[in-house]
Number of protein chains: 6
Amino acid sequence: MTIETRCDGRRADALRAISIQRHYTKHAEGSVLIQFGDTHVLCTASVLEKVPGFMKGKGEGWVTAEYGMLPRSTHSRMDREAAKGKQSGRTQEIQRLIGRSLRAVIDLSALGERTIQLDCDVIQADGGTRTASITGAYVALVDAVRGLEAKGLLAVNPIKTAVAAISVGLVQGQPLLDLNYQEDSSCDTDMNVVMTGQGGMVEVQGTAEGEPFTRTQFDQLLKLADVGIQQLLAYQTQALSQS
Amino acid sequence: MTIETRCDGRRADALRAISIQRHYTKHAEGSVLIQFGDTHVLCTASVLEKVPGFMKGKGEGWVTAEYGMLPRSTHSRMDREAAKGKQSGRTQEIQRLIGRSLRAVIDLSALGERTIQLDCDVIQADGGTRTASITGAYVALVDAVRGLEAKGLLAVNPIKTAVAAISVGLVQGQPLLDLNYQEDSSCDTDMNVVMTGQGGMVEVQGTAEGEPFTRTQFDQLLKLADVGIQQLLAYQTQALSQS
Amino acid sequence: MTIETRCDGRRADALRAISIQRHYTKHAEGSVLIQFGDTHVLCTASVLEKVPGFMKGKGEGWVTAEYGMLPRSTHSRMDREAAKGKQSGRTQEIQRLIGRSLRAVIDLSALGERTIQLDCDVIQADGGTRTASITGAYVALVDAVRGLEAKGLLAVNPIKTAVAAISVGLVQGQPLLDLNYQEDSSCDTDMNVVMTGQGGMVEVQGTAEGEPFTRTQFDQLLKLADVGIQQLLAYQTQALSQS
Amino acid sequence: MTIETRCDGRRADALRAISIQRHYTKHAEGSVLIQFGDTHVLCTASVLEKVPGFMKGKGEGWVTAEYGMLPRSTHSRMDREAAKGKQSGRTQEIQRLIGRSLRAVIDLSALGERTIQLDCDVIQADGGTRTASITGAYVALVDAVRGLEAKGLLAVNPIKTAVAAISVGLVQGQPLLDLNYQEDSSCDTDMNVVMTGQGGMVEVQGTAEGEPFTRTQFDQLLKLADVGIQQLLAYQTQALSQS
Amino acid sequence: MTIETRCDGRRADALRAISIQRHYTKHAEGSVLIQFGDTHVLCTASVLEKVPGFMKGKGEGWVTAEYGMLPRSTHSRMDREAAKGKQSGRTQEIQRLIGRSLRAVIDLSALGERTIQLDCDVIQADGGTRTASITGAYVALVDAVRGLEAKGLLAVNPIKTAVAAISVGLVQGQPLLDLNYQEDSSCDTDMNVVMTGQGGMVEVQGTAEGEPFTRTQFDQLLKLADVGIQQLLAYQTQALSQS
Amino acid sequence: MTIETRCDGRRADALRAISIQRHYTKHAEGSVLIQFGDTHVLCTASVLEKVPGFMKGKGEGWVTAEYGMLPRSTHSRMDREAAKGKQSGRTQEIQRLIGRSLRAVIDLSALGERTIQLDCDVIQADGGTRTASITGAYVALVDAVRGLEAKGLLAVNPIKTAVAAISVGLVQGQPLLDLNYQEDSSCDTDMNVVMTGQGGMVEVQGTAEGEPFTRTQFDQLLKLADVGIQQLLAYQTQALSQS
């Protein structure tokens, strides 16, 4: 593993500079600007005192997510999805992933019949927007839950453990942690891993963009992801320890 | 005119705290975060080397705008327009207004056959998002034009003069400058005024929400708007004087 | 102010030939064909015994409007909005304006929990379709209200005063009243003014299409609009005085 | 066959009052207001100097139709299709029928590479809107073709013969010609017949709304339709003989 | 009438090989694969314990149909309607026809407040998909009704008689039964006929694709259709007599 | 690992009955009905002599996929996506996965500037529709490529190796191969694995539906998937060895 391969000077197993800023906007019950280097995502959590139709009458809550990119968050301008009149397959895939990841760490019965709606909007993109979204959305979710607790609306804390996500990939055969856009565009294999604060795996999505990958490479990537996620969990804890 | 009427302690003829931050994101040719108090709008300018179909072959350029609100920029969460599959009438009305206002101060022939696309995305809303959008979009437009000039792509500067916008309104009969959300919700008349750096009027849109307004009140409002726009033009000049 | 400037021989301060024909179609509670010269708009008012969701349970009524153009009402054929699957921004802007203008003169509490739906459909277009729509829709609204009164469904007349609208513009620096299509296409400034029967202003929308306009020009235009609206109010009164 | 059965006093084999008014609006190349009693349809023909993609390069023209109903053309208000964002199955069925019927009488090769677009918009509906549309659209088509001829753009007249359409139906077992809305709503069988000026059949669409119909009844209905169409052809000829 | 005219060696009055296979898939209450030669349609009947809004509270049931073609059921691939975001006019026309045809033979009062939803999906197309759909959907409908009867949910059998459909057409002046795709593409007149088991006519839709047709030809076609439908009714009876 | 846990009597490491039927429909260049037990998917391959816009001028081909479920392929009827006007997020996710998986084994340069479009339509669903789709689509792709070779249109065989897919999951802690619907609905973790004929991994998508999974469980699942895929590759080879 050689240091000099990465375009931004990072070691193969290094995260980009991580920043988690809570209370970023004033209306949302949780509002977090998370930065993975030049990738900046605003994650808000909104508490809605209703549940979707398919959850009605079960005495349980719901957690769901939507995802969007500002048209010029990217290198060249993307068409605005609202103007095109539909969300792309990629957008839907990402927002479903965020929703599933968050639901994996929350006890919906303990939440009561309400919805926490996460919105992850990419202000600036440089690779890894879905992993930054999951990692930031967790912090926004905790802030929203703390708000409900402060109002005495929850008997027990519905959050079972933390959740964070990171990308790993093979670039010219070398496993790299937390790919930026340039690396992501040229990698052979791209993998997103979501894990909990207790070490459980929630999602593993590995895709060979070029050459198929071997089982050995897969194991290397999973190990690298684990290293990154432990650090992200620590950043989350630190951010949430501040008032 | 009494000071104590305004919920945030402002004088009737005072703007909110104005902030204009250039180079806010890194990909766009112009990128400005503008704040009118708690209203925060990210305005980006993207240079596209093409023009829409109806402008092809005229040897002229085009300037257009799109507008959006993040779902939780508002007090209670709004549905995401991309998920609903269409932009509301209000959104379309605002983005048409922004586009017209910017086109009023640019010489499309001098721009060459290219488009400058403005995107105004509301990060946090507290009234006046359309006027902040126009005022900030002008600064982003200038940065995009400067970039074209730096590349030697423009023979003459296509920007004829500056443009800025402000809202004024009648609240309980009193003319107020730069309404925040609470004032905007309770006002009898709401007016948006767009003026150029040379004192010309580009748009005047006055609407009686409750009682119709008189010609005298209308004149008072126009005068108040002029006061605000002169200050906004100064903020723009100051922001653009920095490197 | 010179008479000879206008393509159709009118004086600068003259309306086109105005015609208001009530009971134009047989099913609607109000049905008015209004003509501003070659601009012909069919305005119908439909009484619906329900209110939209956001008005339910308030004990109040609602007045709203939709606007459309027949595909060949215009010089060259426009695509049919129903076939394109969406209404343009212009259409939405106009129908929101019509709705606001009518609501400005009706007491929604006195209307009871019902909706009066105005439909303004342009049969033939020659400029000024939105101002003809507002002026004609008012007459259709009165007929619908009279029908409710005749059935004993209203305790008091909910209509507070009349409302009418006209366009004015600057063509080669000269203020003109009631622009036709040719004038509208070549004007520097286009302004639509909506006023009530009591002289109050409801909407003022002035737009510089080319050069910005001065405060002096603005005042000239407002004055000219007032002249036109007084005449339109008289035409409305006359039409409504017939059985 | 008894006279007294019909709600409007007509004989079973009588058409409603027919009126065909040419040059109804001023922009379209053909513009016809056709009335079958209280059913009023505006049929315009627009000449477009292009053909749809699937016809390009064949050296032939195209004739097509669109159909719409004004929201309050009907007894109770219908939702506006442009606002709903799609045309109903019924609308599409009717506009396909109108297009096919007109194409049956025109020689597309003789038309040259251009499209004649028919728009049939129902101003007031009382049954039989599709048959009135076909009958009126033919007259508008002829006017559009005459315009092309007058400009010397056609070597030979592409119109082979006239085309007209009528509805017939069984009401309480009795065959009736040209059903109005009340009859149409209560009939057992509804049939629309399209025939040419040379006696050829172009479309026969018979539908049992209640009880199935017998072969004998079917023959009676066809015969009645033929009677009506001969009269409609005469009305068309008369209208077209005026300048 | 000459045998040698048909591309597949059939006599002019011969159906293609007919096959009706019940219980084709396992989830639906009725599931029938019907084959008219190389035209294969899967018809399923689903029992839903609800009725559409416009039927609520009437104590009656509803029968409706949807139709689709697999993208490569046809000679060259068609765009997928789900991907295009709308059903074509042709699709809507066909599914409306199927629904009407089935409703003609069922007593909706006897069905109770439930819906039987028919889905006709074309696996392979070679002409006549709508007539195969109607003929197969009837068998699926019977199976669904038998299932309701077996559960004791119906007091009386709501099915009044059978229904079947066939196409006939004029190819080079000769009347042919049950057109395949090649014949359908080259025919002058195409007619679809729907009849009941008691000889009543439910739908007759004749269209001149090229030359108009005469009354004599029309009678020949109707007679030929009757021959075909009698055979289809026998195939249905035979299929339904098996367990 | 106990045999008795599975509802259908299978061993934990057993596939369902696999059937691959080529030439299932007659129009498509490749047409395969694949069955994984009660899951039946029709996979067709269509050769289109064009490439999408973003691939034009590169001298390369494209392979893409669409996926759909017949409305009553499932236990209870699903709404038809064509009628709803959009494809669900799940549908888009699956069709993107199928496309990526097939592109992993084809040399797009060797294909020439043409597209092979795969359509995977679920006739009957009982879990594992996406893995059956990938496995069957590969066979259809080979048939389409063989057709191009037979016409002499390919210089070299663009297919680099085979590709197949299978699902594995943890049900009550036990790893199971090839989940049916009942197992899929109750599993804690669901994983889809796509591998090539040379043992390379193309996609691994593991999702914890309930409890997160451990690294040890993950390794067990991957091993089980490998067992299943080796068998599927053999079924593909066998099917393709027949004429």
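Colleague: Before we start, what does "buried" mean here?

Modeller: Buried means under 20% relative accessible area. Please note that this is a predicted model.

Colleague: Is C:Cys120 buried or exposed, then?

Modeller: C:Cys120 has 0% relative accessibility, so it counts as buried.

Colleague: How many disulfides are there over all chains?

Modeller: A search of the whole structure finds zero.

Colleague: Changing topic: how much area do chain B and chain A bury between them?

Modeller: They bury about 2,800 Å², with 50% of it on carbon and sulfur atoms. On the chain B side, B:His27, B:Arg72 and B:Arg80 supply 26% of the area that chain B buries against chain A, more than any other three residues.

Colleague: How many salt bridges are there between chain B and chain A?

Modeller: The count is 14. One of the salt bridges joins A:Asp38 to B:Lys26, with the closest N and O atoms 2.7 Å apart.

Colleague: Which strands and helix of chain B each supply at least two residues to the side that touches chain A?

Modeller: Those are strand E3 (39-48), strand E4 (62-69), helix H1 (81-84) and strand E5 (115-124). By class, that side of chain B has 14 nonpolar, 12 polar and 12 charged residues.

Notes:
Residues numbered from 1 in each chain as written. Chains lettered and ligands numbered in written order. Predicted model: local features only at pLDDT ≥ 70, side-chain atom pairs only at ≥ 80, totals over all residues. Heavy atoms only, no water. Buried area = accessible area lost by both parts, 1.4 Å probe. Salt bridge = Lys/Arg side-chain N within 4 Å of Asp/Glu carboxyl O. Helix = DSSP H or I, 4+ residues; strand = E, 2+ residues; numbered from the N terminus. Nonpolar A, V, L, I, M, F, W, Y, C, P; charged D, E, K, R; others polar. Disulfide = S-S within 2.5 Å. Buried < 20%, exposed > 50% of the residue type's maximum accessible area, 1.4 Å probe, protein only.
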